[in-house]
Amino acid sequence: MIKFDFNSLQPKKDEIEVFNEADFSLTRVQPDMDRILETAGKYGDVKNLIIVARGGSISTFRAFWHGFGKYISEKKVYFVDTVDPDYIFYVKDKCTPKDSLVVAISKSGTTVDVIEDVLGFSDFTQVIITTENDNPLHKIAKEKGYDVLPHQDIGGRFSGLTEVSLFPSVLCGLDISEIRKGATQAYSDFEKGLNDAKKLALIVKDLSGVGYDEIFWPIYSKKLVAFSELIAQLINESVSKEGKGISVVLAEGPESQHFLNQRFFGGPKNMIGFFTTVTSFDEEETVKVPEGLKGTKLRDGNEGNLDGIKLSDSMKFELKGTYDEAKKAKIPSVKLELDRVDESGLGYFTAFLHVFAIYLARAFEVNPFDQPEVEGSKKISFEARKNKGY
């Protein structure tokens, strides 16, 4: 369901030993679909959905919502990924306890600012997704009588195909069985042999060895660009450690052409292009130029050249301009084209990103599942809370 154009780039080696150590046990974790549907059945009438979470616990559903859910659902969704009092006030002003549901997510149940938000919404009905032990968040759920769904034994950034995203998705009318179906297909496509996800990881690793240490990732789809936060977390947290890795700069195309193309083409030659789009858009619009304007000069042609052009083609032409220019400039670039953005496509793209991040981490010979450098700041911020000062 993803077509890859490697633009003549090929990995230097068919296989490297570290791929033998790639751990894909997450692909075999099965969410409790019956429990998800049963719990969701209690809250189908809520008008507002308030998602309280951080990082990987919120980014996948954010992608599902902005990529598909908001186009089909009448619900309003608020993402509370902060303790910013102005934003918390805004959400409470827009939502009332009687017509809203809070879904709070933390695998460990010890994410301090999530707990603060949960306590701040104590007047609202809540569903908690966490490990089913006596962690602080689970204790709040028991004290308040909130429903609890299990957080599977997967790190947050890899948890998006489990209860973490599937529960709020089904509340918004998405077909979660189709999401899982697409994910299962992608896991199957990309786990075996020298598949395209593995080739892509090898190409990136090879290029990093000759100075290409950033990925420029423009996404030519309003729906797919919703995955930007998840992509950034998967690559930065999975790959960049032990002084190794690669960073990623994500942007929405074609808008990216107006503020990043100068950097991509004119700045340091250290960027690999990952041009991403969709084959099929759900709707279509056609440009109509009035007769009286067709002769108006436009660049080296006229406005009449635009008459009858489909906007889906215009999106492809915009991508083509930058992608072909990258080829001319001999900037290493690839193109990824997802069939379409529906529930199955959401699952497929998410699963591909999981597998690619794991391959990329193993190519750099680091553990894809830890994030040792993120704990220090958490300790400092909690000490400040304990001491009621800075």
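Five strands, in the order β3-β2-β4-β5-β6, form an open sheet with parallel pairing; strands (E, at least two residues) and helices (H or I, at least four) are DSSP runs numbered from the N terminus, and two strands pair if DSSP finds at least two bridges between them. The edge strands, each pairing on one side only, are β3 (76–80) and β6 (147–150). From one strand to the next, the twist averages 20°. The model is a predicted one, in which local features need pLDDT of at least 70 and side-chain atom pairs count only at pLDDT 80 or more, while totals for chains, interfaces and linings use all residues. Residues are numbered from 1 along each chain as its sequence is written, and side-chain values use heavy atoms, with hydrogens and water left out.

Strand β2 (residues 48–52) runs parallel to β3 and is joined to β3 by 5 bridges. Here Asn 48 stands opposite Lys 76 in β3. Helix α2 (residues 56–72) packs on the sheet and touches β2, β3 and β4 (100–105), contact meaning heavy atoms within 4.5 Å. The direction of α2 makes about 155° with that of β3 (axes are lines fitted to C-alpha atoms, for helices over the stretch in contact, and angles run from 0 to 180 degrees between N-to-C directions).

The structure also holds 1 cavity of 30 Å³ or more, a cavity being a set of points on a 1 Å grid over the protein atoms alone where a 1.4 Å probe fits but cannot get out. The largest cavity has about 40 Å³ of space, the volume being that filled by probe spheres set on the points, which are joined across faces, edges and corners. Its lining residues (an atom within 4 Å of a point) include Leu 26, Phe 158, Arg 180 and Tyr 187.

How values were computed: On a 1 Å grid over the protein atoms alone, a cavity is a set of points where a 1.4 Å probe fits but cannot get out, and a pocket is an open set with protein on both sides within 12 Å along at least five of seven lines; lining residues have an atom within 4 Å of a point.
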